[in-house]
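Open the structure in your viewer and keep the selection tool at hand. The tour goes from one pair of side chains to the next, then steps back to the whole chain.

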Amino acid sequence: MFGHKSNNTIESLVGLSTIIEGNIYFRGGLRIDGHVKGNVIAEPENDSMLVISEQAKVEGEIRVAHLQVNGEVVGTVYSSAHLELQPKARITGDVHYNALEMHGGARISGKLTHTQSGEPFLKLAMPELLASDA
């Protein structure tokens, strides 16, 4: 579990001075350095990676396979593969995870729930995006 890295590279970036109001749907890898007021949802069929940097804040639900947090999240988190909480991570909301790596200093204010790999919470994430791909 420790040192586990996703094969994905970061393909998209929300910059430090950027504020997004609305949901983000993505494939592959995404890094957030700015502020997102909305849900951040990865395509369910891919091995997605989301990085939330120390300066970042997400206010909304997160659904992704691999998640690395060192910033702030206010909302429910679903990580179907691996969740890494770095020392400055702050999550206010329930966390659903398969594998969890938590560094000293990270904080969670909410309920932790272990899920089995392959549970369908990512498959339910983006019905409108999946319908538009057909």
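**Stop one: Glu61 and Arg63**

Select Glu61, which counts as partly exposed because its relative accessibility is 23%. This is a predicted model. The side chains of Glu61 and Arg63 form a salt bridge, with 2.5 Å from N to O.

**Stop two: Glu54 and Lys88**

Select Glu54 and Lys88 next; their side chains meet in a salt bridge at 3.3 Å, N to O. Glu54 is in the loop between strands E7 (49–52) and E8 (57–59), and Lys88 is in the loop between strands E11 (77–85) and E12 (90–92), so the pair ties together parts 34 residues apart in sequence. Glu54 is partly exposed at 38% relative accessibility, and Lys88 is partly exposed at 44%.

**Stop three: Lys37 and Glu21**

Move to Lys37 and Glu21, whose side chains meet in a salt bridge of 3.9 Å, N to O. Lys37 belongs to strand E5 (residues 35–37) and Glu21 to strand E2 (residues 19–21); the two are 16 residues apart. Lys37 counts as partly exposed, with 38% relative accessibility, whereas Glu21 counts as exposed, with 62%.

**Last stop: the whole chain**

How many salt bridges does a search of the whole structure find? The search finds five. Colour by secondary structure to pick out one helix and 15 strands. Of the 134 residues, 48% count as buried.

Key
Residues numbered from 1 in each chain as written. Predicted model: local features only at pLDDT ≥ 70, side-chain atom pairs only at ≥ 80, totals over all residues. Heavy atoms only, no water. Helix = DSSP H or I, 4+ residues; strand = E, 2+ residues; numbered from the N terminus. Buried < 20%, exposed > 50% of the residue type's maximum accessible area, 1.4 Å probe, protein only. Salt bridge = Lys/Arg side-chain N within 4 Å of Asp/Glu carboxyl O.
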